[in-house]
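This report covers backbone features, helix packing, aromatic pairs and a few single residues. The structure is shown first.

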Amino acid sequence: MTAQKPLNVLLLGSGGRESALAYKISQSPLKGRLFVAPGNAGTGRYGTVLNFAASDFDAVCKAVEEHEIDLVVVGPEDPLVLGLREALDARPAGCRPVAMLGPGADGAALEGSKDFAKLFMGRHGIPTARHLTVTAETIADGEAFLATLNPPFVLKADGLAAGKGVLIEPSLEAARASLRTMLGGQFGAASAKVVIEEFLSGIECSVFVITDGKGNYRILPPAKDYKRAGDGDTGLNTGGMGAVCPPPFADAEFMKKVEERVVRPTVEGLIADGIDYRGFIFLGLMDSDGDPMVIEYNVRMGDPETEAVMPRIASDILPVMYHAALGQLTDSDIVVTDPRAAVTVVAVAGGYPGKYEKGKVISGKLEPEHSIVFHAGTRIGEGGHPVTAGGRVLAVTSLADTLKDAAKASYAALADIHFEGMRFRSDISADVTD
């Protein structure tokens with residue numbers, strides 16, 4: 001199947017992920033008009049920025065009509081978990097038909113509930129760590145299960161907790177104390193249930209799949225992100241300080257195992273469970289002695305991995321997105337990967353992931369010749385200049401024949417960008433290139 005007319009696209013979100021998606025969509029010959037809501041200081045390069053939140057369903061529905069939208073692409077998870085698909089489906093008769101790339105609330109529970117995801121994996125034979133879900137009423141069972149595990153101990157809030165709901169404790173005593181604190185409301189309703197997990201050792205990677213709800217799927221280039229704030233994977237966890245694509249260990253043999261043991265059972269499991277899942281599936285994996293183990297599902301693209309993955313897609317991604325959203329992927333919907341490697345380095349605000357200031361003027365070369373600067377936590381300030389508006393401010397991506405050369409190019413581009421308090425890790429990719 002081939003779309004016959006230009007598509008008007010509404011992309012929801014405001015971060016680096018959405019900047020990378022907008023960058024890629026804007027290159028498509030199939031694109032009519034691209035709108036981004038709420039966007040950031042950089043997304044205006046690719047399309048028209050609309051001033052409403054991604055979770056403002058009334059505004060989304062209004063924009064679909066006003067701008068004659070053909071495809072809604074959802075960047076962040078919140079609108080999916082909250083039921084945007086259901087809101088679009090519930091519009092009155094006579095409203096404009098629109099395709100949406102992103103699951104309904106039932107499929108979004110793969111990310112919205114750690115317990116749901118674990119039960120799904122168990123039901124469909126998908127490899128993951130040993131685990132137990134605990135509530136305040138079953139805390140004694142949780143403490144007993146902790147005693148069967150070896151340190152360190154992993155505790156996860158069941159619901160969405162803005163990326164902060166995972167604790168890794170070094171001792172059994174600390175794990176028991178954290179379990180009680182979490183169930184006592186540390187993360188609000190998100191930790192009314194807590195999933196205790198066996199700690200998996202190995203190296204992590206991210207695999208992204210786009211599927212149409214009918215059993216058809218495409219696997220995008222794999223990536224690896226860097227969560228810790230400091231060099232050498234030290235310091236606090238962040239939303240991501242950088243990414244590489246592809247990680248060298250995710251070779252053809254490993255990816256074959258991923259497809260056979262994880263991707264296919266996931267896609268088939270969704271169908272078996274009656275979930276019409278049309279959109280991206282993010283597989284957070286652990287390479288454990290060459291075998292993939294699922295750490296988590298996300299129901300959208302990752303950030304900052306998207307900033308490394310999208311530049312490596314050499315083919316037109318928009319038809320794949322559109323046909324997946326329609327439930328009609330065909331053999332003509334292909335994903336061609338650029339043979340070069342990509343390295344993304346994230347520039348963050350001083351103090352991040354702790355307390356940080358906003359409104360710092362960003363200057364320098366924001367459109368370098370040999371790299372791509374994706375805006376993340378930015379907005380347009382006085383005089384039309386971009387200023388900082390979040391913890392992760394910019395993501396700089398470069399492509400080269402090797403990861404080492406791609407990293408060198410990204411750091412060279414960062415040297416020409418400035419804002420007060422700007423900080424970044426100096427070792428992105430070093431662990432997989434040395």
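Between which two strands is the loop that holds P353? P353 is placed in the loop between β18 (341–348) and β19 (363–364). The model is a predicted one, and every value below is computed from it.

## Cis peptide bonds

The bond from Y352 to P353 is a cis peptide, with omega near 10°. A cis peptide bond also joins P151 and P152, where omega is about -5°. P152 belongs to the loop between α7 and β7.

## Positive phi angles

E68 is not a glycine, yet its phi is positive, at about 50°. This residue sits in the loop between α2 (57–66) and β4 (71–74).

The loop between β16 and β17 contains D289. With a relative accessible area of 78%, D289 is exposed. A glycine with positive phi is found just after α6: G125, at about 65°.

Helix α6 spans residues 114–123, and its buried residues are K114, D115, A117, K118, F120 and M121. The elements that cover these buried residues include the helices α5 (105–112) and α9 (252–272). Strands are also among them: β6 (131–135), β7 (153–157), β9 (193–198) and β17 (291–298).

The axes of α5 and α6 are 6 Å apart and meet at an angle of about 100°. That angle makes α5 roughly perpendicular to α6, because the perpendicular class runs from 65 to 115 degrees. On the α5 side the contact uses D106, A109, L110, E111 and G112, and on the α6 side K114, F116, A117 and F120. By class, the contact of α5 with α6 has five nonpolar, one polar and three charged residues.

## Helices α7 and α8

Helix α7 (residues 139–146) packs with helix α8 (residues 172–186) at about 155°, and their axes are 10 Å apart. The two helices are therefore roughly antiparallel, as the angle is over 145 degrees. The crossing of α7 past α8 is right-handed.

From α7, the residues I139, G142, E143 and L146 make the contact. Their partners in α8 are L172, A175, R176, L179, R180 and L183. Sorted by class, the contact holds six nonpolar, one polar and three charged residues.

The loop between β8 (166–169) and α8 contains S171. S171 is partly exposed, at 29% relative accessible area. Its C-alpha atom is separated by 22 Å from that of A192, and S171 and A192 are 21 residues apart along the chain.

## Aromatic pairs

How many aromatic pairs does a search of the whole structure find? The search finds six. In one of them, Y23 and F374, the ring centres are 5.4 Å apart and the planes stand at 75°, so the pair is edge-to-face. Y23 is in helix α1 (residues 16–26) and F374 in strand β20 (residues 372–375), so this pair links parts of the chain 351 residues apart. Y23 counts as buried at 17% relative accessibility, because the buried class lies under 20%. F374 is also buried, with a relative accessible area of 0%.

The rings of F208 and F282 have centres 5.1 Å apart and planes at 85°, so they too are edge-to-face. F208 is in strand β10 (residues 203–211) and F282 in strand β16 (residues 279–288), so the pair ties together parts 74 residues apart in sequence. F208 and F282 are both buried. Ring pairs also link Y23, Y46 and F374 into a cluster.

V244 is part of strand β15 (residues 242–245). Is V244 buried or exposed? V244 is buried, at a relative accessible area of 0%.

Leaving aside residues up to four places away in sequence, V244 touches P222, A223, K224, Y226, A308, A342, V343, L403, I428, S429 and V432. Y217 is 27 residues from V244 along the chain, and the C-alpha atoms of Y217 and V244 are separated by 23 Å.

Technical notes: Residues numbered from 1 in each chain as written. Predicted model: local features only at pLDDT ≥ 70, side-chain atom pairs only at ≥ 80, totals over all residues. Heavy atoms only, no water. Axes fitted to C-alpha atoms, helices over the stretch in contact; angles between N-to-C directions. Helix = DSSP H or I, 4+ residues; strand = E, 2+ residues; numbered from the N terminus. Parallel < 35°, antiparallel > 145°, perpendicular 65-115°, else oblique. Left-handed = near helix turned anticlockwise from the far one by under 90°. Contact = heavy atoms within 4.5 Å. Nonpolar A, V, L, I, M, F, W, Y, C, P; charged D, E, K, R; others polar. Buried < 20%, exposed > 50% of the residue type's maximum accessible area, 1.4 Å probe, protein only. Phe/Tyr/Trp six-rings, centres within 6.5 Å; stacked < 30°, edge-to-face > 60°.
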